[in-house]
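Subject: Structure for your files

Hello,

The structure is placed below, and my notes on it follow. Please read them with the model open.

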Amino acid sequence: MIISTMEHTKLNYEFIKTHVEHDKVGIITLHRPKQLNALNTELMLELGHALKAFDAQLEVGCIIITGNEKAFAAGADISAMANYEFSDVYSSDFITKDWEIIRQIRKPVIAAVSGFALGGGCELAMMCDFIVAADNAKFGQPEIKLGIIPGAGGTQRLPRAVGKSKAMDMVLTARMMDAKEAEQAGLVSRIVALESLMPETISIALTIAQYPRLAVLAAKESVQRAFEGSLSDGIMYERRLFHSLFSTQDQKEGMSAFINKRPPVFHNK
């Protein structure tokens, strides 16, 4: 499927499936089951289109990306990459033009991971705001076996998540990390039983979606800022966002509801 525009229209995607749960949570399911959801250019274009569409949909407050029981995504599509030359990947800006759209999404994006999240699959999961892992999840960066290194942020996001030593171990030896180790290392936020992965993740997403939209967007921006610069700059950025939220109707409603011991009614204004 070739996408020439980013219009927010419902499309019949070839490599992903999309739907909305409870009118508030946008769900994107990677769908190349025979290839264990290997990430090719077409899939990533569709994913980017769907993410931007959900980001623009007013009712949607949170987005989930998931795969199937066997694999979230077992990596990039090696068969498509095998014959590339340096001139091909450099001149086409390979990965950057297709994969980085997720960084533009303002609403929270959760990765619901079961099975393998390897190579590009692990990198895609790390691009999300946090990861909920099924108890059968396995993470890894095995690119070294192919004569390359991670190219979609694996050498940068993994050390920030799990520390230098463990990241070096995974990148240099290509070993996989199971869900328990991933949680202990800080790569994933929580582990759930495989059969509960989507119900639990949807419940988390609904919790986020019920909160005032402007505060959610500001919270995401502020946490992201922690990885972009110094502590003092991050504190100042957080402080200014905190101050700015006192100009919103939802701040007035939230605090009034708390004082008067009643449920708040937010309007995302």
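**What was found**

F116 stands opposite K138 in β8. The model is predicted, so to speak of a local feature a pLDDT of at least 70 is needed, side-chain atom pairs count only at pLDDT 80 or more, and totals for chains, interfaces and linings use all residues. Residues are numbered from 1 along each chain as its sequence is written, and side-chain values use heavy atoms, with hydrogens and water left out.

Strands β6 (residues 116–118) and β8 (residues 138–140) are parallel partners, with 3 bridges between them. Helices (H or I, at least four residues) and strands (E, at least two) are DSSP runs numbered from the N terminus, and two strands pair if DSSP finds at least two bridges between them.

These strands belong to an open sheet of 4 strands, ordered β4-β6-β8-β9, with mixed pairing. β4 (71–73) and β9 (177–178) are at the edges with a single partner strand each, so one side of each has no neighbour in the sheet. Helix α5 (residues 120–127) lies across β4, β6 and β8 and runs at about 90° to β6. Axes are lines fitted to C-alpha atoms, for helices over the stretch in contact (heavy atoms within 4.5 Å); angles run from 0 to 180 degrees between N-to-C directions.

The other open sheet has 6 strands in the order β1-β2-β3-β5-β7-β10, again with mixed pairing. Its edge strands, β1 (16–21) and β10 (190–192), each pair on one side only. From one strand to the next the twist averages 25°. Within this sheet, β5 (residues 109–113) and β7 (residues 130–134) run parallel and are joined by 4 bridges; A111 stands opposite I131 in β7. Helix α1 (residues 41–56) packs on the sheet and touches β1, β2 (25–30), β3 (62–66) and β5, its direction making about 15° with that of β1.

Then there is a helix pair. The axes of α10 (residues 213–225) and α11 (residues 231–244) come within 9 Å and cross at roughly 170°. That makes the two helices roughly antiparallel (the term covers angles over 145 degrees). On the α10 side the residues are A218, E221, S222 and R225, which meet G234, Y237, E238 and L241 in α11.

Regards

Note on methods
Angles under 35 degrees count as roughly parallel, over 145 as roughly antiparallel, 65 to 115 as roughly perpendicular and the rest as oblique.
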